[in-house]
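Subject: Structure for you, with notes

Hello,

Here is the structure I promised to pass on.

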Amino acid sequence: MRQSAPVLAAALLPLLLFGATACSGAPEGAALAPAAAPAVPVDDGAPGAEGAPGAARAASKDAHVGDSVRVRGRQMGRHLQAVLNAYVDPAVSVEKDYAPPAGKRWVAASMSFVNVGGDSYGDLGQMWAYDSAGGRHGVVPTGELTTGKPLVFDSLAVGQRAEGWVVFEIPEKARIVRLQYQDANVQANSGEGFWAV
């Protein structure tokens, strides 16, 4: 038994050393392996029914000038990438005699749309301007503005872009806080297409 003790100690020594090495921390300043990146959702052309509309709206935040927003319609493959490029208040027509009626003013948004879906995109949806009192104001035709030409949108092939200005007529004292693009066939708007201004 006395002779087996040194043999046993000799056998255990490598295991003890290996265990100490495996449990020791990384040397100071050593590079650590990057954590695995979270899975990125893939746009498979589905019409965007990811959960209840109310939950999606509550979880989403308004975009801002310069931000792009993907808007999905009810139809398979109907997807737009929409960007609010600029916002002006007030908006002014290039025609000197063309102006909003008394008690009203125009505000305008420069928008660009790219068809990122799997099919052609026809019939632009609607845009709304929301004021701080909860009022909603639609787009009005004004022609060319001093800031640029109006948005012309008939149909977009896959990958095609359309851009231009859209104008909203609002009460003179109203303060616009939010813009919305709503697809013509949107599924109970899932919280997409909102910009804070």
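A quick word on terms before the rest: a residue counts as buried under 20% relative accessible area, as exposed over 50%, and as partly exposed in between. Aspartate 89, with a relative accessible area of 39%, is therefore partly exposed. Please keep in mind that this is a predicted model.

**The salt bridges**

Aspartate 89 sits in the loop between β2 and β3 and arginine 105 in strand β3, so the pair ties together parts that are 16 residues apart in sequence. Arginine 105 counts as buried, at 11% relative accessibility.

How many salt bridges does the structure hold? There are two. The other one joins the side chains of aspartate 62 and arginine 178, at 2.9 Å from N to O. This pair links distant parts of the chain, 116 residues apart: aspartate 62 belongs to the loop between α2 (53–59) and β1, and arginine 178 to strand β9. Aspartate 62 is partly exposed, with a relative accessible area of 24%.

**Strand β3 and its partners**

Arginine 105 brings us to β3. Eleven of the twelve residues of this strand are buried, so β3 is largely enclosed by the rest of the structure. β3 runs antiparallel to β2, and eight bridges join the two; here valine 88 has alanine 108 in β3 as its bridge partner. β3 also pairs with β8 in the antiparallel sense, over eleven bridges. Methionine 111 is bridged there to glycine 164 in β8.

**The nonpolar cores**

Methionine 111 turns up again in the largest nonpolar core, which has 25 residues. Met111, Phe113, Phe168, Tyr181 and Trp195 are the residues with the most contacts inside this core. Strands β1 (68–72), β2 (79–88), β3 (104–115), β5, β8 (161–171) and β9 each supply at least two of its residues. A second, separate core has seven residues, including Ala108, Leu145, Trp165 and Val167. In soluble globular proteins, nonpolar side chains tend to be buried together.

**The four-stranded sheet**

An open sheet of four strands has the order β6-β5-β9-β10, with antiparallel pairing. Its edge strands are β6 and β10 (194–196), each of which pairs on one side only. From one strand to the next, the twist averages 25 degrees.

Within this sheet, β5 (residues 126–131) has five of its six residues buried, so the strand is largely enclosed by the rest of the structure. Six bridges pair β5 with β9 (residues 176–182) in the antiparallel sense. Methionine 127 stands opposite tyrosine 181 in β9, and tyrosine 130 stands opposite arginine 178, the residue that forms the salt bridge with aspartate 62.

β5 also pairs with β6 (residues 136–138), again in the antiparallel sense, over three bridges. Tryptophan 128 stands opposite glycine 138 in β6. The hairpin of β5 and β6 has four residues between the strands, and glycine 134 takes a positive phi near 95 degrees there.

**Two residues to look at**

Which residues does glutamate 169 touch, not counting those up to four places away in sequence? They are Pro100, Pro101, Lys104, Arg105, Trp106, His137, Gly138 and Val140. Glutamate 169 lies in strand β8 and is partly exposed, with a relative accessible area of 25%. A polar contact of 3.2 Å joins its side chain to that of tryptophan 106. Glutamate 169 and alanine 91 are 78 residues apart along the chain, and their C-alpha atoms are separated by 9.5 Å.

Is threonine 142 buried or exposed? With a relative accessible area of 7%, threonine 142 is buried. It lies in the loop between β6 and β7 (155–156). Leaving aside neighbours within four places in sequence, threonine 142 is in contact with Ser93, Tyr98, Trp106 and Val167.

Terms used: Residues are numbered from 1 along each chain as its sequence is written. This is a predicted model: local features need pLDDT of at least 70, side-chain atom pairs count only at pLDDT 80 or more; totals for chains, interfaces and linings use all residues. Side-chain values use heavy atoms; hydrogens and water are left out. Buried means under 20% relative accessible area, exposed over 50%, partly exposed in between (1.4 Å probe, protein chains only). Two strands pair if DSSP finds at least two bridges between them. A nonpolar core is a set of buried Ala, Val, Leu, Ile, Met, Phe, Trp, Tyr and Cys residues joined through side-chain atoms within 4.5 Å. Axes are lines fitted to C-alpha atoms, for helices over the stretch in contact, and angles run from 0 to 180 degrees between N-to-C directions. Contact means heavy atoms within 4.5 Å. A polar contact is a pair of N or O atoms within 3.5 Å; within protein, one must be able to donate a hydrogen and the other to accept it, and residues adjacent in sequence count only if both atoms are side-chain atoms. A salt bridge is a side-chain nitrogen of Lys or Arg within 4 Å of a carboxyl oxygen of Asp or Glu.
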